[in-house]
Amino acid sequence: MLFRDKQALFWSLAFPLLFLVIFGLFNFDAPTNFSIAIIDEAQSEQSEQLKFQMLDLEIFTETEIASREEALETLKDGDLDGIITIPASYGQFEGVEGAAPEPSVFSVTLDETNQQSAIIVSVLNQFLNELNLQIASAPRLFTIETEGVQGQEVKYLDFLMPGVLGMAIMFSAIIGIAVGITRYRERKILKRLMATPVKVQSFLMAEVGSYLFLSFMQIALILGVGRIFFGIQVYGSYFYLILVTLVGTIVFLNIGFFIAGMSKTVNTAEAMSNAFTTPMMFLSGVFFSPDMLPGWMERIVDFLPLTSLLKVLRGISINGSPLTDFPYQFALLGGWIVVSFVLAWKTFRMDRA
Amino acid sequence: MSIAYILQKNNVQPRAHGNAFQATNPVLYSPSMSVIEVHNLTKQFPLPDGETLTAVDDISFAIEKGEIFGLLGPNGAGKTTTLEIIEGLQKPSKGRTAVLGFDSLKEVQKVKQRIGVQLQSSSFYDYLNLGEVLTLFGNFYPEQADPDELLTIVDLTEKKKSLVKELSGGQQQRFSIAVSLVNNPEIVFLDEPTTGLDPQARRHMWQFISKINSQGKTVVLTTHYMEEAEVLCDRIGIIDHGKVIALDTPEKLISDLEATANLSFRLEKDVSAETFNGIEGVLESNKNGEGVYRLKISHASVSLPPLIQWAEQNNNRIRSVEIVRANLEDVFLHLTGSTLRE
């Protein structure tokens, strides 16, 4: 039945891919670039040279703008990320001997609503520090070398893909079962089946079986499209990835049956499914890591089934970890299977007046 | 007047045959032929306000092999609940039912294998065609009827490849009857098979039901159309407020009425309605605002001659005479004091 409704099938397969495509279009991994206007109040040879050095960083692109007023206007319109003003006093400190010179104050004008523009300040700050050091001829005592612990370059899409995988099976299993079964009940199809000698368990197992198969198709499609069109790397075992996703599907199917047991109408089932899935999608870290949450919240989120599922999937996909690396997550998923099964068992009824 | 058929207390019946399932009519009753037995059945539902609703109130009856048995009653009388308990879809609060000797509760699988069920307004999968639905449902049973034959019975052969949702209301009803026959059942339960159909489609449906019955299948149906019960059913159980208040053949139910006919006429010269109370066989008389007299009479042959005589003697003239035989509606009105429809 699931596979006869071709439209619904298409969307449940296409929806997660849509995420992959949309996020694939955002180039999160390319170096950021800011378009800035530089207003040179010093108008000296030194300030001209400074400007070149600044643009040499390849993080700033200069937009030529005639006046400060025009620059402010462009900034408000969002066509400019910031305005850097080189003070008139720049380059004149060389004349002062002995005493420490008054610092030349650079001013940066930003649009506060532009989240990334704060980076301009830190870049400029670092640049000026460097300049200070050079001019003071101070010895360089400390330096940083960055090194990735994963041993390979992880792109955002590599991080995203297991998230989309988990999200896809969560949506199709929870919403599919909750809404589908409630609709069958509302239209008395379940009752009609009850009037035949067919066993309730056989019917439910058939539903579970078809959703596991749908999950499998989703996994195959997401992995395939990710690999072929977006060059997403899977460093671990595809087999483990599929296995773990199917384990997750069982948790979500149980939750779906639980919601189907709780809700009397299709509308309720839809609303309840959304209440379960949407917060989980954001909190469990489909698109970004839940590390940014406050600590107490993170501990709660850690208990969500999708959080554990995504940790394992990312571990396998990004780090190539074996399944034995995740005893805590598997214990939690196992717990969820038991708890959600009991809940589903207690609430689920084939017919309801 | 004999009111033996009125089961005011359904379980307090003469038990001349020594069987608790003795229904109503000693002539029709034969213990060896009962395919369904309902014994002191009670079903109560808790209501949200803490009260309990007694949907079925201590009823007993038996259904014979090969008959079309109708449960007739207004909406909410307990017809569907009774049917679904017999089918093993609901559990009784008290009492028990048996189908072909199998207990509906303890041997529910055996019961379900041997019966065909059409539920009130149930639907089927949207994305299967008729042939596929019949094959799917057939697979639930050890014995299967041929889908093509089933579609022929209900005149839907050319719709075999159509989806259920593409059928008209009447076709869907017919199809759900076909589905109820997939296991070649001995007993078919039809819950309001003609509700929502136009009169023509309803008559069409009666033909199909008769056809199924003529193949030797016992048919149990519910209806709130007294005409349907009268035309289609061999025996009728009239059910109201969870109790079976009468059970017999339609003819017997009507002929047992004190007033078997309604006589209506106009008069050239108006008189009071009470004038006719003295005439033999007149049980009730009244006159409406338009000058039409209505008399409930025991038999037309008894009351007509003295009425004509009265007119001659009083220099009056009787016009637009109409004699209508009493129907199940009158039976229901007589038994409950209210009409069947709403």
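I began with the crossing of two helices in chain A: α8(A) passes α9(A) in a right-handed crossing. The model is predicted.

I then looked up the geometry of this pair. Helix α8 (residues 238-262) and helix α9 (residues 266-283) of chain A pack at an angle of about 145°, and their axes are 9 Å apart. For the contact I noted Phe252(A), Ile255(A), Phe258(A), Ile259(A) and Met262(A) on the α8(A) side; they meet Ala269(A), Met272(A), Ser273(A), Phe276(A) and Met280(A) of α9(A). I sorted the residues of this contact by type and got nine nonpolar, one polar and no charged.

Next I took α9(A) by itself. Its 18 residues reach 26 Å from first C-alpha to last, close to the 26 Å expected at 1.5 Å a residue. I listed its buried residues as Val266(A), Ala269(A), Ser273(A), Thr277(A), Met280(A) and Met281(A). These buried residues pack against α5 (156-186), α8 and α11 (305-319) of chain A. After α9(A) I found Gly285(A), with a positive phi near 90°.

I moved to chain B and its sheet. Four strands form an open, antiparallel sheet in the order β2-β1-β4-β5. The edges are β2 (52-64) and β5 (102-103) of chain B, each pairing on one side only. I looked up the link between β1 (residues 34-46) and β2 of chain B and found nine bridges, the two strands running antiparallel. Glu37(B) stands opposite Ala62(B) in β2(B).

Last, I checked what lies over these strands. Helix α1 (residues 79-86) of chain B lies across β1, β2 and β4 (94-99) of chain B, and α1(B) runs at about 120° to β1(B).

Note on methods
Residues numbered from 1 in each chain as written. Chains lettered and ligands numbered in written order. Predicted model: local features only at pLDDT ≥ 70, side-chain atom pairs only at ≥ 80, totals over all residues. Heavy atoms only, no water. Pairing = 2+ DSSP bridges. Contact = heavy atoms within 4.5 Å. Axes fitted to C-alpha atoms, helices over the stretch in contact; angles between N-to-C directions. Left-handed = near helix turned anticlockwise from the far one by under 90°. Nonpolar A, V, L, I, M, F, W, Y, C, P; charged D, E, K, R; others polar. Expected span 1.5 Å × (residues − 1). Buried < 20%, exposed > 50% of the residue type's maximum accessible area, 1.4 Å probe, protein only.
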